[in-house]
Amino acid sequence: MTEGPHVLVVDDEIQIRRFLRISLEANNYRVYEAENGAAALTQAALHRPDVIILDMNLPDMAGVEVLRRLREWATTPVIMLSVRAADMDKVDALDAGADDYLTKPFSTVELLARLRVALRHSQPAPTEPVFTFGDVQIDLARRLVTRKGEVVRLTPTEYALLRLLVQHAGKVLTHRQILKEVWGPQYVDETHYLRVYFGQLRQKLEENPAMPRLIVTEPGVGYRLVTD
Amino acid sequence: MNSMEADRPDPDRTLTETRREEARQQRGRLKIFFGMAAGVGKTYAMLQAAQTRRTEGVDVVVGYVDTHGRAETEALLANLEQMPRRQIEYRGAVLAEMDLDAILARAPQLVLVDELAHTNAPGSRHVKRYQDVLELLDAGIDVYTTVNVQHIESRADTVRQITGVVVHEKVPDSLLDMADEIELIDLPPDELRKRLAEGKVYTPERVEAAANHFFRIGNLTALREMALRLTAEHVDHQLQDYMEAKRIAGPWKSGERLMVAVSPSPYAAEAIRWTRRMAYNLEASWFAAFIETSAGLSAAQRETLTHNLELVRRLGGEVVTAAGEDIVEALLRLAQQRNATQIVVGKPLHRHVLERLRGGSLVDRLIRASADIDVYVVSGRTADHETGAHPSLPLPQRQSTLRDYAWAFVVVAVVTIGLLAAHSFVPWVSYQAVGLIDLLAVLLIAFYLGRGPALLAALVSAVSWNFLFIQPRFTFAIATLEDIILFLLYFVIALFAGTLTARLRTRERQAQYNADRMTALYTLAHETATAVDMDDVLHTAIEQIGAVFDAEVAILLTQDGQLLRRVHPASTLALTENDLGVALWVFENNKPAGQFTATLPQATAHFRPLSTPGRTVGVVGIRLQQAGRLSFDQEVLLETFISQVALVIERELLDEAAEQSVMLRESERLYTTLLNSISHELRTPIATIAGAASSLLDPNTVLNDQARTALTGEIQTAADRLNRLVENLLDMSRLDAGRLQLKQEWCDISDVIGVALRRLATVIGDRPVAVTVAEDVPLIKVDFVLLEQVLVNLLDNACAYTPPDTALAISVTVEEGQVRIDLADHGPGIAPEALAHIFDKFYRVPGTAAGGTGLGLSICRGLVEAHGGTLTAWNRPEGGMTFSIRLPKPVQAPVVQEASL
C-alpha cells in the first residue's frame, strides 16, 4: 500500500490527538502531532504536511493566529476545529484562509470527507468544463445549466454564484467570500443579497427547495455545494 | 454631691478619652519643639532628639529642615536620611517644598518637619504645612516639628498688640492640643539677643533691623512669658487627662460652657479668639452662636461673617445658628438650650441713637436679661482684615440703591404735581385728602423700594404738602394749630408706616428665600425619594444642586470601597486628572477640599464627600457658574443637600445589595435544582458509554459483529445526548448572564427551517413534515444560529412527545406586523395545568418519560424573547398542540441588487 497523505493534527487535548491518530492512520494517513501553536508552526515547516487539522483554541495562541502565520509562507489546506456552533471565530478563520471547519463533536466520516475535499482542492484541478452534482449539470465552457436534461435559465448573478460554488465544490464559502467574489469588495456585508439569490437558485435547481440537498446553508457561516 | 459621685468619671469624658487613646494608637505621635522666637534653638533640639531616636534604631527621615546655614545644625543633619524636596514653579521662581507624597510612600517611623506654621507654595496639596503634618500623623507616621508662639492662632492678636507685627502664618490651637508632647526650648532674652548679634539667627544685614524691632528685650520677655504659659497650660491639661483616665481623684474640670456671639463685624474675630483662650484656661467647652435676622446683610458683611465663622471652626469651635428678630432674646434662648454659662460679646464701638430708643444697646439689654448667665464684653480694638479675596455671591436680598432714592423722589414729585392739578381744579380734593394720598405713595415706595427711599419720600412729601397745600399756601408757615398737629401727625405716621412696611417687605423676602430653600430641599427629598434607581437619583440630585446653586455638578461613586475614577454619566461637570486627584483625597480623608477650602485650593471645583454615618459613598464636585464663593448660608444649604443625597445613595446601595442577595438566593435555588437535574442526565449517558466501551473490550463481545455494531451505536447516541445537554446548559447560562449577543442578519425563514430539519434528520426519520411558507413572508432580521436552535429544540421536543408516525406541520405567515411560525403536532396535547409551566426552567410535565432537563423550552422562550418576539404554546381544539413563534416583521424590506458582472 502506498503511503497516504501527510496530516498534521494540532490540538492541546491528548485524547483528541490520540483518537484522530487512530482513525486517520486506519485510513492510511501519515499523522504528525502538535499540542500548541508554536509547535504547530515548527512541525508544519519541518514536515510540510499535505493538510492540517487545527483546533481553534490553543493554549499559547488563537488558532486564527496560527493560521495567519502559516499563511505567510504556506498554502497548505487547513481544517479548523471549533467548539460551538455559535462560535463566530470560525468565520474569521475561514475569511483568513482556512479551507473548512468542523464543530466538535464531529464524526470521523465527516472529517474524512472534509479532508478529501481539502486535498482535492489543493491539487491543481484539471480543467474539466462539465461538472455534475445531483441531477444538475453545468457546462462552464458553454455557460449551460441543465437539470434532468432540461435547460435551466439562470440570471447572470445566479450563474456567477453557481459557478463559484462549483469551483469550490464540497468546500464551505463564507458570506464575505461569496459577496466579494460576485458583487465586489464593497458589498461584503450585504448578506441579504445571498438570502434572496440562493433562494432563487434553490427554486430552480433543488428537488425540494424547502429542504435543499445540493446547496446547503452553513448556519452563520455561509454556503456549501454538496457533491457526494 | 457625695464622694461616690465625685469619684465616678463622667462617662462622656471617659468615652472621649478612650477615643483619643484609640486614635492615638493608630495615629502617629506628634512632638512639638516650641519656642518664643526664631533662634532659640528649636531645630537644633529637634535634630538632637532625632539623633537619639536614630541610635535607638528608629527609622528617621528628614521631611523638611531648614538649617539657615547654621553650622552646628548642619552637622546634626549629616547622617540623617533626607527626603528630596518637591520643586514647584510659581511665577517664574522655583520653590522647594516638602514632598508629602514621597514621605507617605517612604513611610518612615519618624519624620522631621521644621516650621509647622509655614504656608505652602501655591500648587501644593494643602495650603498650610500643618495640614501636611496632620496627614502624616493620620498615616501613622510620628512627626517632630517646630513652631514659635507667635504662630499660635489664639495668641495672634496678643502678639500683634505687643510687637506690632501682623502674623500671617498661623497654626490652629488644636494642633497643640493634639500634640503628645510639647518641648519648650527656652532661652533668656539676653542670650537670644547675644546669639542674634553673633549672627547665629539671621544674616548680618537683617540683624540690625530684627534687633530693633521684633527682638527688643520687652517683646522677647512678653513672648517668652506667653510661650511658658502655653506650655504650662498644656502640661496641666495632660496631667488632668491622665488623672481622669486613671480615675485619680483630683480637680475636676469646670462645668463652664462659653458661647460667643458672632456678628458680621470684623471686630468679632477678636471676641472669638478671646473666647477660645478663655475656654482653654477655664477648661471649658465653647461654641459660637450666629443669629440670623431679617435684616439683609451686604456682600461685605456676608464675607466678614463667613470669615468669622471659618475662624470659629479653625479654632475648633462649633457654630450654632438660630433665627430670630430680637438678637438678645435669640441669644439667651440658645444659651439656655445649650447650657452656656457664659456669653461673650464684642463691644460695639459706637452707639446708635435708635438703640437708646429701643431700650439700650444690645449689650445693655443682654446684660439686663441674662439673669444668672455671665456676660463678657470684649473690646474690639483691631479689626481683623484678613478676609478672603473672593466676594460672596449676593443673596436674594435687597439693598436700596441710589436709583431707588431717585425713583422715590420722582414718584413723590409726580404725585404732588398731579395732586396740585387736582386740588386746583376739582373742588372736593381737599388738602387733607392730598395728605392721605401722599401717605399712600409713601407706603407704596416703602413696599417696593425699601426703607431709605420711603423715609426720603416721607420727608419730601411732608415738606411739599406743607408748602403747596396747607394754608397759607406757598409758604412753609402753618396758620392753624390744627394744621400743625395734622402736619406733625402726617410726618410721624409716614415715618412709622414707611418703616413698618419696608420691614414687612424685608421679612417677606426673607420668608420667600427661606421658603425657596425649603422648597428646594423638599423637591430634592421628594424627587430622590421617588427615583426608581441609582441613575435616576443621581440625575435628580445633579439637576437640583445645579439649579439651586447655579453650578455644574459632578458625582463620583464608589465600587468595592474604592472611588471610581470617572464621573457618573449624569454629571454636568467634566473633571480633569487633577480634579480627580482632589476628589480622591476628599474621599480618602472624608473632608471637603478644592475651591474655597484650605486643601488643594487651586482645584477648579469644590469637592465634598458624600458621607453617611457609616461610610463615604462618593464625592460631589461643584463649580459655580458665577465667579465668587459660597456664602455661609449657601454652604449650610449645600451641606444639607449633600447629606440628603448621600442618604439616598446609601439607601439605593442597600436596596441594590438586598436585591442582589435575593437574586443570589434565587440563583442558588436554581443551581441546586440544576445540579439535581443534570447529575441524573449526565450519569445516564456516561453509564451507557462506560458500559458499552467495557463490553467492546471484552473478547467475547468483540467477536460478535452484531453486538459490536449495536454497542457502538449506543455510545454514539449517549454521546449525542451528552452534547445536547452541554449545549443547553451553555445556552442557559448565556441567557441568564445576559451575555447573549445576537448576531442579527437578514434571514430567509424557509432556509432556517430547512437547516433545522436537516440537522434533525435522524430524529425525524420517516415522520411526515409539511412546511408551508406564505408568499408574502419577508426576510427577517434574526440570529440565524439561535433561531435554528429554537426550531431544533421545538422539533426535537415534538418528536420526543408524540407518537413516531404522527405528522408535523410548520407554517409561516404574516400577521399584524409580525412573522408567525407555527409548529403543530398531532400528539396527545398537554394537560392545561401543565401548559402554564412548560416554559419554566427545569419544569418537566409529570409522567413524561425519563430524559430531558426541562431546559429546552425555557431556552427557546429566552432566545425568542431576546429577538423581541414571543413564544407561546396551546392545545388545538381538534387535538394536538401548537407552538407559535412571533417575531417582529421588519418595517422595510432590504434592497437587493444584481451583481454587476
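**Note on loops and helices in chains A and B**

1. A:Pro105 sits in the loop of chain A between strand 5 (100–103) and helix 5 (108–122). Helices are DSSP runs of H or I with at least four residues, strands are runs of E with at least two, and both are numbered from the N terminus. The peptide bond from A:Lys104 to A:Pro105 is cis, with omega near -5 degrees.

2. This is a predicted model: local features need pLDDT of at least 70, side-chain atom pairs count only at pLDDT 80 or more, and totals for chains, interfaces and linings use all residues. Residues are numbered from 1 along each chain as its sequence is written, chains are lettered from A and ligands numbered from 1 in the order in which they are written, and side-chain values use heavy atoms, with hydrogens and water left out.

3. A:Lys148 is not a glycine, yet its phi is positive, about 50 degrees. The residue lies in the loop between strand 8 (144–147) and strand 9 (150–151) of chain A. A:Lys148 is exposed, at 53% relative accessible area. (Buried means under 20%, exposed over 50%, partly exposed in between, with a 1.4 Å probe and protein chains only.)

4. B:Phe474 also calls for a look: its phi is positive, near 60 degrees. B:Phe474 belongs to the loop between helix 19 (451–468) and helix 20 (481–530) of chain B.

5. B:His126 is in the loop between strand 6 (110–113) and helix 6 (129–138) of chain B. B:His126 counts as buried, with 3% relative accessibility. Its contacts beyond four places in sequence include B:Glu135, B:Trp585 and B:Leu600. Contact means heavy atoms within 4.5 Å.

6. Helix 12 (residues 268–282) and helix 13 (residues 299–314) of chain B pack at about 10 degrees, with axes 10 Å apart. They are therefore roughly parallel. (Angles under 35 degrees count as roughly parallel, over 145 as roughly antiparallel, 65 to 115 as roughly perpendicular, the rest as oblique.) Helix 12 of chain B contributes B:Ala268, B:Ala269, B:Ile272 and B:Arg273, while helix 13 of chain B contributes B:Asn308, B:Leu311 and B:Val312.

7. Helix 28 (residues 784–801) of chain B has 18 residues. From first C-alpha to last, helix 28 of chain B reaches 26 Å, close to the 26 Å expected at 1.5 Å a residue. That expected span is 1.5 Å times one less than the number of residues. Helix 28 of chain B is mostly covered, with 15 of its 18 residues buried.

Note on methods: Axes are lines fitted to C-alpha atoms, for helices over the stretch in contact, and angles run from 0 to 180 degrees between N-to-C directions.
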